Amino acid sequence: MSKRQHQPISIERIFLQKQFAQIEQPLQQRLQLQQLGNDILSRYKLQQCRIVNMRQGVAIVQAPSAAWLTRLKQFRFELLSELRKAIPSVVSLELKINPELKSIKPEAEVKSTGKRQLSTQAAKHITELAKHVPDELREKLEKLAALSGES
């Protein structure tokens, strides 16, 4: 058996090479641009739209439909001025339609997932009412009153 002539190279060393640095830098800039874009677009209720890239000072913004594109055009100058505050090299915006964005759902606001519960006072009123109604309705009202947990 022959011995290994070269030792394995660590991953960290490979990533520090010039080739990877050239690839990583634009990716980091693009990620920062998208995060900044999401913040700015959400202020104008344009969560469906995305800032996808920037080439030669032109920020490319995509919308899922013509209706969203029209809304983007309404806020074009405000978006441009806010982008320029963060990235002074931005000269203009290029607006495009990308129908694939329709399938991407914006982050929903957090909603309470707790069960509904009836107050004890409301449950007492419902059980009192149930005493004076036909049997079919009485059963349903008693089930409703049971939601309070103390009936």
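In this predicted model, helix H3 (residues 66-74) packs against helix H4 (residues 76-86) at an angle of about 65°. The axes of H3 and H4 are 4 Å apart.

**Helix pair**
- H3 contributes Leu-72, Lys-73 and Gln-74 to the contact, and H4 contributes Arg-76, Glu-78 and Leu-79.
- Sorted by class, the contact of H3 with H4 comprises three charged, two nonpolar and one polar residues.

**Sheet**
- Three strands form an open sheet in the order E1-E2-E3, and the pairing is mixed.
- The edge positions are taken by strand E1 (50-55) and strand E3 (92-97); each has a single partner strand, so one side of each has no neighbour in the sheet.
- On average, neighbouring strands of this sheet are turned by 25° against each other, direction ignored.

**Pairing of E2 and E3**
- In general, strands of a sheet pair through backbone hydrogen bonds, in either a parallel or an antiparallel sense.
- Strand E2 (residues 58-63) pairs with E3 in the parallel sense, over six bridges.
- Ile-60 is placed opposite Glu-94 in E3.

**Helices on the sheet**
- H3 lies across E2 and E3, and runs at about 165° to E3.
- H4 also packs on the sheet, where H4 touches E1, E2 and E3.
- The direction of H4 makes about 125° with that of E3.

How values were computed
Residues numbered from 1 in each chain as written. Predicted model: local features only at pLDDT ≥ 70, side-chain atom pairs only at ≥ 80, totals over all residues. Heavy atoms only, no water. Axes fitted to C-alpha atoms, helices over the stretch in contact; angles between N-to-C directions. Helix = DSSP H or I, 4+ residues; strand = E, 2+ residues; numbered from the N terminus. Contact = heavy atoms within 4.5 Å. Nonpolar A, V, L, I, M, F, W, Y, C, P; charged D, E, K, R; others polar. Pairing = 2+ DSSP bridges.
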